[in-house]
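Please read it alongside the sequence and the model shown here.

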Amino acid sequence: MTKSALITGVTGQDGSYLAELLLSKGYKVFGLRRRTSTPIMENVEHIKNEIEFIEGDLLDQGSLISAIRISNADEVYNLAAQSFVGTSWEQSVLTGQVTGIGVTNMLEAVRLTKPEARFYQASSSEMFGKVVETPQKETTPFYPRSPYGVAKVYGHWITVNYRESFDMYACSGILFNHESPRRGVEFVTRKVTDAAARIKLGLEKELRMGNLDAKRDWGFAGDYVKAMHLMLQQEYADDYVISTGEMHTVQELVEIAFNYVDLNWKDYVIVDPKFVRPAEVDLLLGDCTKAKQKLGWEQKVGFQQLVQMMVESDLQKLSKYKV
Ligand code: NDP
Ligand code: GDR
């Protein structure tokens with residue numbers, strides 16, 4: 001029998017890769033999409049005719065109940081969020097409402113409408129924040145460092161709570177940073193690959209950055225959405241860390257991107273306090289042994305390959321504007 005899935009945040013980076021994956025597995029895919037004055041469809045343009053879009057918003061309970069009714073989803077992937085850490089200091093209340101309470105709205109819609117549906121919550125390594133142990137695993141205590149991280153901790157625990165209170169199949173994937181050519185341009189990887197391509201093509205002269213010493217565990221979004229799907233195919237619902245187990249600095253990211261276009265990054269990069277955060281997460285490094293053993297998940301794309309893939313994609317997108 002054909003399975004159906006509902007993806008919130010389908011127009012985002014992960015939503016688009018997950019929709020592709022589920023379509024390739026023969027799922028009927030429904031995507032929750034916000035009403036916007038101009039449609040934001042770039043990531044899903046190539047599959048828009050295969051997805052059934054339902055208008056709704058994580059802040060509007062009725063629309064979520066309708067979405068579960070219309071889709072009759074067997075699997076619900078809650079990927080929607082205000083997902084940019086930087087903005088979470090500027091819009092902290094909104095971030096709490098969407099990224100935190102929005103999870104309860106979604107869980108309630110499932111509980112009231114189709115409690116047997118399987119539920120995935122997009123938790124984050126940002127919950128570890130000012131890390132209390134390294135590497136971080138499922139049992140590492142949380143210490144969030146931004147309104148975004150705090151909201152994700154709430155979303156994480158409400159998912160665990162609904163699993164334990166209502167016996168729902170609700171999982172939380174604690175995913176470390178994952179990137180792709182579809183990443184929003186404000187996130188550091190895409191900001192750097194976009195800038196390297198622009199500078200190479202003569203469209204920009206400099207790149208203003210924040211903290212170059214921050215360390216992250218960066219993987220490829222296309223690999224990570226496979227873990228989300230696997231989490232909903234198990235006998236019991238559980239929570240899993242998904243990561244590469246490798247850590248790099250922002251400076252290394254910059255070096256790889258600029259080297260790829262034969263430029264010396266030191267000639268173009270300026271550190272600007274405007275991009276330094278009020279509270280920083282200095283390092284994140286994940287231990288995904290549990291996911292490897294129980295889900296059989298593994299990453300395929302390495303860090304250098306990822307950065308080069310992103311620069312190449314930005315060069316192609318921008319080459320028509322070359323001066
Ligand atoms: P994106 O920012 O690319 O996508 C977020 C999506 O959420 C967009 O489709 C956006 O819609 C939608 N959205 C935002 N607010 C609302 C709302 N109020 N109602 C309905 N939809 C809304 O994020 P990613 O794809 O990178 O991440 C997916 C999820 O995983 C997020 O929850 C993120 O916090 C989490 N996460 C991401 C990681 C990463 O490294 N990428 C790591 C760990 C967790 P629109 O297009 O209209 O703006
Ligand atoms: P992050 O991603 O906050 O880890 O959240 P981001 O790419 O924004 O920052 C990573 C690190 O780079 C440093 N940095 C800069 N960041 C940005 N955006 N712009 C800059 O100019 C810059 N200079 C240095 C940051 O200070 C930070 O240390 C991402 C999001 O996808 C979340 O939704 C997700 O939950 C986590 O990853 C895991």
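Helices (H or I, at least four residues) and strands (E, at least two residues) are DSSP runs, numbered from the N terminus. On that basis, His-178 lies in strand 7, which covers residues 178-179. This is a predicted model, in which local features need pLDDT of at least 70 and side-chain atom pairs count only at pLDDT 80 or more, while totals for chains, interfaces and linings use all residues. Residues are numbered from 1 along each chain as its sequence is written, and side-chain values use heavy atoms, with hydrogens and water left out.

His-178 counts as buried because its relative accessibility is 10%, where buried means under 20% relative accessible area, exposed over 50% and partly exposed in between, with a 1.4 Å probe and protein chains only. Leaving aside neighbours within four places in sequence, His-178 is in contact (heavy atoms within 4.5 Å) with Gln-13, Asp-14, Arg-183, Gly-219, Phe-220, Ala-221 and Tyr-224.

Asp-239, in strand 11 (residues 239-242), is likewise counted as buried, with a relative accessibility of 10%. Not counting residues up to four places away in sequence, Asp-239 touches Glu-138, His-156, Val-160, Arg-163, Cys-171, Ser-172 and Lys-290.

Each of these residues also has a side-chain polar contact, listed below; the term denotes a pair of N or O atoms within 3.5 Å, of which, within protein, one must be able to donate a hydrogen and the other to accept it, and residues adjacent in sequence count only if both atoms are side-chain atoms.

| Side chains joined | Polar contact |
|---|---|
| His-178 and Asp-14 | 2.6 Å |
| Asp-239 and Arg-163 | 2.9 Å |

Turning to the helices, the axes (lines fitted to C-alpha atoms over the stretch in contact, with angles from 0 to 180 degrees between N-to-C directions) of helix 4 (residues 92-113) and helix 5 (residues 147-166) are 8 Å apart, and the two pack at an angle of about 15°. That angle makes helix 4 roughly parallel to helix 5, since angles under 35 degrees count as roughly parallel, over 145 as roughly antiparallel, 65 to 115 as roughly perpendicular and the rest as oblique.

The axes of helix 6 (residues 188-200) and helix 10 (residues 303-318) come within 8 Å and cross at roughly 50°, which means that helix 6 is oblique to helix 10. Among the residues making this contact are Thr-189 and Arg-190 of helix 6 and Val-307 and Met-310 of helix 10.

Key
Chains are lettered from A and ligands numbered from 1 in the order in which they are written.
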